[in-house]
Amino acid sequence: MPKLKKLFVLLIGTLLLVTGCGNYFEGNQIQNVGMLMDGTIENQAWAEKGYNGLVQIGEDYDVDIFYKEEIITEQEISNAIEAFVQDGVNLIFGHSSIYGKYFVDLAELYPDVHFVYFNGGYFDENVTSLNFSAHAMGFFGGMVAGKMTSTNHVGIVSAYEWQPEIEGFYEGVKYQNSEAVVHMNFINDWNDTKTAGEMYEKLRDYDVDVFYPTGDSFTSDIIHRAKEDDLYAIGYVSDQSDTGDRTVLTSTIQHVDKLYEMTAKKFNKGQLEGTIMTFDFQEEAISLGEFSPDVPKYFQKLVNDAVDRYIETGLLPNE
């Protein structure tokens with residue numbers, strides 16, 4: 001009898017917990033919001049902008065926000081989601097492409113929670129993938145690099161070869177300056193700052209005088225190195241013109257914080273679908289940053305006019 005009584009109490013407790021969660025998540029409005037990150041916030045533009053978007057959502061809807069850093073493995077993700085749900089979170093952002101498959105695998109366990117992540121092909125009824133169409137931003141950054149190189153050697157230090165801005169950047173450089181050589185280096189890691197620094201030095205020795213570092217953890221470091229060496233760089237994710245007055249020729253900006261706010265608004269209105277969503281200049285999710293004073297005024301206008309044309313027609317200058 002004592003064992004039966006203990007089992008009965010356990011079942012009642014479980015039933016109350018499930019019932020409580022069901023009542024809490026009644027309806028589609030935001031209750032609380034959580035965010036998972038595969039790295040840390042400190043000194044990483046991508047992570048900082050994601051966190052800023054999270055904070056703004058909390059202020060806009062007067063809800064609690066929660067975030068966890070360096071969540072990478074399936075077990076860590078599962079434990080973090082469970083903890084979020086216990087804290088009343090019904091909208092969870094995964095601030096990386098790595099979360100897509102895990103979210104789809106786990107989403108059916110939490111039908112009243114909506115999961116959102118970046119840059120992937122996984123989706124489900126309550127899983128949404130947000131994707132930046134980054135080819136065009138790379139193209140316009142490449143145009144500037146092709147114009148401003150004096151050695152005709154431009155260098156890419158990238159996390160992964162599949163990043164669409166890489167091909168765009170190459171095409172933009174070659175469109176603007178057919179004589180320029182584009183050197184490409186891929187780390188295959190978002191956070192390997194040591195290898196990124198070694199790649200920078202190697203490219204510098206090849207007379208590269210304009211760098212495009214496309215990795216959140218190492219972009220700022222490479223821009224500072226370029227500044228010390230009196231070379232140029234194209235900023236990435238955020239407007240990094242304040243890093244060096246003349247060093248940063250322009251920046252290819254992804255407004256991830258604004259995109260999170262747009263997503264939260266859709267969710268709160270019951271309009272967020274489980275699908276793959278793509279954003280570009282047309283949605284004001286991507287833009288170019290301020291130009292270095294070293295970039296001629298007439299060329300700044302030429303690039304801005306090309307961006308405006310792309311927004312209106314969807315056509316790049318080489319199309």
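**Figure 1. Overview of the protein chain.** Among the contacts of the protein chain with a separation of 6 or more, 68% are accounted for by residues 24 or more positions apart, a contact being heavy atoms within 4.5 Å. The model is predicted: local features need pLDDT of at least 70, side-chain atom pairs count only at pLDDT 80 or more, and totals for chains, interfaces and linings use all residues. Residues are numbered from 1 along each chain as its sequence is written, and side-chain values use heavy atoms, with hydrogens and water left out. The protein chain holds 10 helices and 12 strands; helices (H or I, at least four residues) and strands (E, at least two) are DSSP runs, numbered from the N terminus. The C-alpha trace spans about 85 × 40 × 30 Å along its principal axes. Of the 319 residues, 50% count as buried, where buried means under 20% relative accessible area, exposed over 50%, and partly exposed in between (1.4 Å probe, protein chains only).

**Figure 2. Strand E5 and its two partner strands.** Strands E4 and E5 run parallel and are joined by 4 bridges; two strands pair if DSSP finds at least two bridges between them. Val 116 has Thr 128 in E5 as its bridge partner. Strand E11 (residues 276-279) also pairs with E5 in the parallel sense, over 4 bridges. There, Asn 131 has Thr 278 in E11 as its bridge partner.

**Figure 3. The open sheet of E7, E6, E8, E9, E10 and E12.** An open sheet is formed by 6 strands in the order E7-E6-E8-E9-E10-E12, with mixed pairing. Strand E7 (181-186) and strand E12 (286-288) stand at the edges; each has a single partner strand, so one side of each is left without a neighbour in the sheet. Neighbouring strands of this sheet are turned by 15° against each other on average, direction ignored. Strand E6 (residues 153-158) pairs with E7 in the parallel sense over 6 bridges. Within this pairing, His 153 stands opposite Val 181 in E7.

**Figure 4. The packing of helices H5 and H6.** Helix H5 (residues 135-148) packs against helix H6 (residues 164-176) at an angle of about 35°, and their axes are 6 Å apart. Axes are lines fitted to C-alpha atoms, for helices over the stretch in contact, and angles run from 0 to 180 degrees between N-to-C directions. The crossing of H5 and H6 is right-handed: a crossing is left-handed if the near helix is turned anticlockwise from the far one by less than a right angle, and right-handed if clockwise. Residues of H5 in the contact include His 135, Phe 139, Met 143 and Lys 147, while those of H6 include Pro 164, Phe 169, Val 173 and Gln 176. The residues of this contact divide into 8 nonpolar, 8 polar and 4 charged; Ala, Val, Leu, Ile, Met, Phe, Trp, Tyr, Cys and Pro count as nonpolar, Asp, Glu, Lys and Arg as charged, and the others, Gly among them, as polar.

**Figure 5. Aromatic pairs.** The count comes to 22 aromatic pairs; rings of Phe, Tyr and Trp (its six-membered ring) pair if their centres lie within 6.5 Å, and planes under 30 degrees apart count as stacked, over 60 as edge-to-face and the rest as tilted. Phe 103 and Tyr 117 form an edge-to-face pair, 6.5 Å centre to centre with 85° between the planes. This pair links distant parts of the chain, 14 residues apart: Phe 103 belongs to helix H4 (residues 99-107) and Tyr 117 to strand E4 (residues 114-118). Phe 103 is buried at a relative accessible area of 0%, and Tyr 117 is buried at 0%. Phe 139 and Phe 140 form an edge-to-face pair, with 6.0 Å centre to centre and 85° between the planes. Phe 139 is buried, with a relative accessible area of 0%, and Phe 140 is buried, with a relative accessible area of 0%. Ring pairs also link Trp 46, Phe 93, Phe 118, Phe 132 and Tyr 260 into a cluster.

**Figure 6. Gln 300 in helix H10.** Gln 300 is located in helix H10 (residues 297-313). Gln 300 is buried, with a relative accessible area of 12%. Not counting residues up to four places away in sequence, Gln 300 touches Phe 291, Ser 292 and Val 295.
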